[in-house]
Structures are given as structure tokens and as C-alpha cells.
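The sequence and structure come first.

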Amino acid sequence: LPHQTAQSVISLSNNQNRRRNQKRWSTSTIQCLVLTSVLFTLALWLSILLQFGSESTIDESINDENISVKDHQFDVAATQQNQQPKAKATIAYAVSLTSCGSTTNLHDNIANGGHSSDPSFREGAAVLAHSIHLSSIRNFAQSGSHYDYKLIVFVHPNARACSDIFEELGYEIQMRDTPFKVADIKSLWLQEHIVKSGCCGEKEYLKLYSYIQFDYPIVIHLDLDSLILKPMDDLFDVMLADDKLIGKEESIESARKRVAVMHDNPLPQSGSIDAYFTRDYNMINPGKKHVGVQGGFLIVRPNQAAFDEYIKIVLSGNFRSGGGWGGQYGGYFGAQQIQGICSYFYDKKHPGTGVELNKCYYNVMADPPRQNEVGKCRDGREECQDCRDTPLEEIYSVHFTLCQKPWKCRYPSGSEKQKAMCSKFHGEWFRIREDLERVRALERNVGGSEVGDYAKPKGPHMPEIFRGFCKSGQASGYIPLQ
């Protein structure tokens, strides 16, 4: 029994120890599990916090990068918009003022001082100047032109009193008398007739001063009732092909392909072109061999020898009644002035140095290509291009001859095709006029609102064409520039 009791005691003791150890293990296990759970929870939250912080940082970084990219893109766009390349050259745009005009004798060109001296010439001078500006490098963002401009007006002494307005419009005023004395002309017949024919008699020869503007590589002489619609860089590039500033040979060749020559004739060799012009087929009968140059659009390379030769031709008096210069270049309006003598100069005296441009794209007048609309082609060909079908966006310059002066507020006359084209031309003139008014309003209101103090007029006469600047369909209804 003592032995059994001892064994029982030992067994009991062992059982107690086992239970004690089991209790300790269970407690430790629980503590371990709790601690593990706590640590796991902490680790999970820490991971979440770290992940959130990382994403936030990334988002902020991405946002910063996006802002930086947007700022950079804005800066680049602003730079591109404001960046203006160096001009290849400055082109002189010249006009002539032969008289201050008159409100009487309206149908007598000579007594009235000529077309260039319309009493409302300031309207034409202002809008023409603005159209030149819009098609120049100074408006590079819209025009894409690489040429600057200079405005010049040749003022006859008879027009001195009314020439100040040109200075206000940005023109350089050059007082110029007729470049020869009529009394020195050897032909008495020409002496008598040169002063009373054409638009403005012998005073039209003021245009010859374009040939001695040696500060400029090219001079464009325009009538005051003209309008520039597109840059004429291609013409300039081809004429100045020998100038290193103009561009590479391949760019010159591309420019040559874009120059629209009348009857698709080939251009002379680049660098040898001394003049561009159009012809006035509307002034001759179909098939006439020597057609006059249209006197309201002449692009020349300044040349003293050319100027001197013109004067020599006039003074020689080699103009035959009914025949023209050299007995061949005449028989139409203005033959004794620029229209006839330029044709004689470039066709007879210096062939191959002047280029007749396609009149459907340059100096466009909306004239019908056929006599009486359905007759023979005025240029003597079987088929002829109708300039009234030319899309407006393809036209470089227009001339308000048949279409009449915009500031007369008259609805165009003629055929339906002519009316439609003239209405487009008038619409463009008034569009550019309105743009000029807005620019002036901004200049008057520096530091003010974007629209300045411009108030669009509300003239009721055909506002879809005249944009509110005409109160009626006559000259008295025109609202002058502010």
C-alpha cells in the first residue's frame, strides 16, 4: 500500500504538473495569438497608410507634371503665336494722289483730278493700308507672310493741300511733279492729247517714280480703289531669287509653280523678272494683238535706267494717232499713259523681263471674259477663263473698277455673275474696314475693355454686304471712318 500510495502520489503529482504545463501552454498560445493579431493589424494599417501616402504623392507628382506640361504647352503656343521671323525684305506699296478731287464734273476725269483723287480717297487709302498690313509679316500669326511693307504716296503739287491725311494713315509722303515737261514732248499732237486723256492726263506718270525707290527691292503701285486679300510672297520670292535671304533653290521652285501666269505661259528665268502686271482685256475688241497693261496694278524692280528710258520714250513723241507707241501699242483707254507705255516697254523694248499675271487671281475686276457675255473671248482665244468663277479664297488682290467704289454704297450692276462677284468684293472691303475700326477703338481705349469703345454702325442698307456702314444706296448714305 505504501508503495501504491507513493505511486499514486507520484502519478497525481505528474498529472498536476501536466495540467499546469497545459495551462501555461494554453495561456502562452493565446498571448502569442493576440500579439500576432495586434502586430498583423498594425502592419495592415501601416501598409494601408504607406500605400495611401505613396498614391497621394504619385498623384501630386502627376498633377504637378501635368500642370508643368500644360504650362509648357501654353508657353510654346504663346511663343509660336508671338514669334515673328525676320523679314526677308521690305516691299514698298505706293499710290499716287494727283488732285484733291471735286464734287462737280464727276464724269470728267481730267476736270475732277482723276480716279485716284476721288473726294473720298481717304476711305480707300485707309482700308487699302490695313489690307496690306493684314497680309504682311506684321500679322504673321494669321498671314504667314515673310515680307514687311512700307507705305508711300506720290503727291502732285496740286494735291498738297489734301495730302496730310496720308501721313496720319502711315504713308510716307513724297511730293512729286510730273517727271517731264509736256512742252518738251517733240510731238505737238501728243502734247495736246496727253493732258486730256486717260484717268488723269500726264499726272498719271507719277507712277513712274516707283522705279526710283531704291531703298526697297520691289515696289507695288496700286490704285486707291484696290484691296489686298492674300500675301504675295511667291511673286516676291521668284523676283528676288538671287537674294540669299529669300530661300533655298527648292523653295524658289515651289514658289514658281504657285505663280499664276496668264494663259499658263512659262515664267522667265528666276532673277531676270523685272515686273509683274495684268492686262485690261475689257478695253479692247477680241483678238487685238497688243493689249494694254492695267494701270492700277504694277509690280516693279527699281531701276534708274528704266525710269530714264520711259522719260525718253515720252519726250520722243513716238505715239501715232490711232496706232499708239511705236505705231502699234494704243487704241484703248489710257494708251497715252501707263496702260500703253508699259505694254510698249515690256512687250517691244524689253521682252521677257515682264510677266503678265493671271487676272483671275491678281488685280481681279470681275470683268466678263467674252464680248457681250456670249461673244468671242476678249483675249482672242477659243476658250477663256471666267474670273467671276474664281473662289474668293484664291484671289490675291481686287480692283474696284467695274464693281464701283465701295464707299458709294451702290449695289453692283451688270450680269448676275458680275453682281455676285462684286458683292463678295464689297463684302471683303467692308470686312477689312470693320477690322480697322475695331483696331482703332482698341488703340483709343488702351488699358480698357477688349472691345474698346467700338460701336458697330446700324446702317440699314444691305447690311449683309455693307456691314452697317451704308444708310442708303448712294454715296451720301456712306458712313465715313471714325
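Strand E10 gives the largest share of the lining of the second largest pocket, three residues. The model is predicted: local features need pLDDT of at least 70, side-chain atom pairs count only at pLDDT 80 or more, and totals for chains, interfaces and linings use all residues. Residues are numbered from 1 along each chain as its sequence is written, and side-chain values use heavy atoms, without hydrogens and water.

The volume of this second largest pocket is about 360 Å³. Its lining has 22 residues, and closest to the centre are His 263, Asn 265, Arg 279, Asp 347 and Glu 356. Two or more lining residues come from each of E6, H9 and E10. By class, the lining divides into ten nonpolar, six polar and six charged residues.

E10 is also an edge strand, as is E3, each pairing on one side only. Their open sheet has seven strands with mixed pairing, in the order E3-E2-E1-E4-E7-E6-E10; strands pair if DSSP finds at least two bridges between them. E1 and E4 run parallel and are joined by three bridges, with Ala 92 opposite Val 219 in E4.

| Helix | Lies across | Angle |
|---|---|---|
| H2 (residues 121-134) | E1, E2 (147-155) and E4 | about 160° to E2 |
| H9 | E6, E7 (293-300) and E10 | about 50° to E7 |

Definitions and conventions
1 Å grid on protein atoms, 1.4 Å probe; cavity = no way out; pocket = protein on both sides within 12 Å on 5 of 7 lines; lining within 4 Å. Points joined across faces, edges and corners; volume = space filled by probe spheres on them. Helix = DSSP H or I, 4+ residues; strand = E, 2+ residues; numbered from the N terminus. Nonpolar A, V, L, I, M, F, W, Y, C, P; charged D, E, K, R; others polar. Contact = heavy atoms within 4.5 Å. Axes fitted to C-alpha atoms, helices over the stretch in contact; angles between N-to-C directions.
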